[in-house]
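Please look at the sequence and the structure before reading on.

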Amino acid sequence: NFLSSCWFRSLFVHKVDARKDAHSNLLSKKETSNLYKIQFHNIKPECLEAYNSLEAEVQKRLHQDQDYPCEVVGSWNTWYGEQDQSVHLWRYTGGYPALTECLQKLNNNKEYLEFRKERAKMLISRRNQLLLEFSFWNEPLPRPGPNIYEMRTYYLKPGTMIEWGNHWARAIKYRQENNEAVGGFFSQIGDLYVVHHLWAYENLQTREETRNSAWQKEGWDANVYYTVPLIRSMESRIMIPTKISPLQ
């Protein structure tokens, strides 16, 4: 039956041993030392257009300046989910030292400090998290559009990250055929035991068809069966890239 077949298949899957190291070392990419920051900015509705223009100008300047060890992976406005929200994903090549170097330089940049003051007038609230990328997920690379993006966020039960990683290391292969997998991340600072999966689709109809097709593949059902009990809560955002986002 279904339960016994899922259990039998699980015997032959390579698993990470949670007892030997921190899950940040066991689950993240060894060949890179990238650190990611995700920002959620809740914007006054009447300021959204001005905010996008201001943010685009600052991102453009940071990308052009090789002195800053950071880059924007993607920027979006939320379409479905929390409204009047902007989401930014940054990559710091070199990990925590790169983050520290970047922040120190920005804090001494008068033009950037003025930008922050101007931006603060447009915001209702903001929050961020520092993330690592799962070793078995795609590297998030620039892609042409037009696409819509879905960020599925999972708030896991404490102590379950290794188990989550073991199941998804096998399951990600079921979600690669349409090039929809963009990146997978887990939190290090901020809200803990949080996972973000980022997907790209041509439109909402393509999203539905792609997600439904996964259920036709043997093994996807087992992944869902074993990972759902690990989740405390979850949410989905459908997002539209901003004009200068590398992920279009």
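What percentage of the 248 residues in the protein chain is buried? Buried residues (under 20% relative accessible area, with a 1.4 Å probe and protein chains only) make up 47% of the chain. This is a predicted model, in which local features need pLDDT of at least 70 and side-chain atom pairs count only at pLDDT 80 or more, while totals for chains, interfaces and linings use all residues. Residues are numbered from 1 along each chain as its sequence is written, and side-chain values use heavy atoms, with hydrogens and water left out.

**The whole chain**
- The protein chain has eight helices and eight strands, taken as DSSP runs (helices: H or I, at least four residues; strands: E, at least two) and numbered from the N terminus.
- Of the contacts (heavy atoms within 4.5 Å) with a separation of 6 or more, 83% join residues 24 or more positions apart.

**Helix α6**
- Nine of the eleven residues of helix α6 (residues 161-171) are buried, so this helix is largely enclosed by the rest of the structure.
- Among the buried residues of α6 are W164, W168 and R170.

**Helices α3 and α5**
- The axes (lines fitted to C-alpha atoms over the stretch in contact, with angles from 0 to 180 degrees between N-to-C directions) of α3 (residues 48-64) and α5 (residues 110-120) come within 11 Å and cross at roughly 160°.
- Helices α3 and α5 are therefore roughly antiparallel (an angle over 145 degrees).
- The contact is made by Y51, L54, E55, V58 and R61 of α3 together with E111, Y112, F115, E118 and R119 of α5.

How values were computed: Parallel < 35°, antiparallel > 145°, perpendicular 65-115°, else oblique. Buried < 20%, exposed > 50% of the residue type's maximum accessible area, 1.4 Å probe, protein only.
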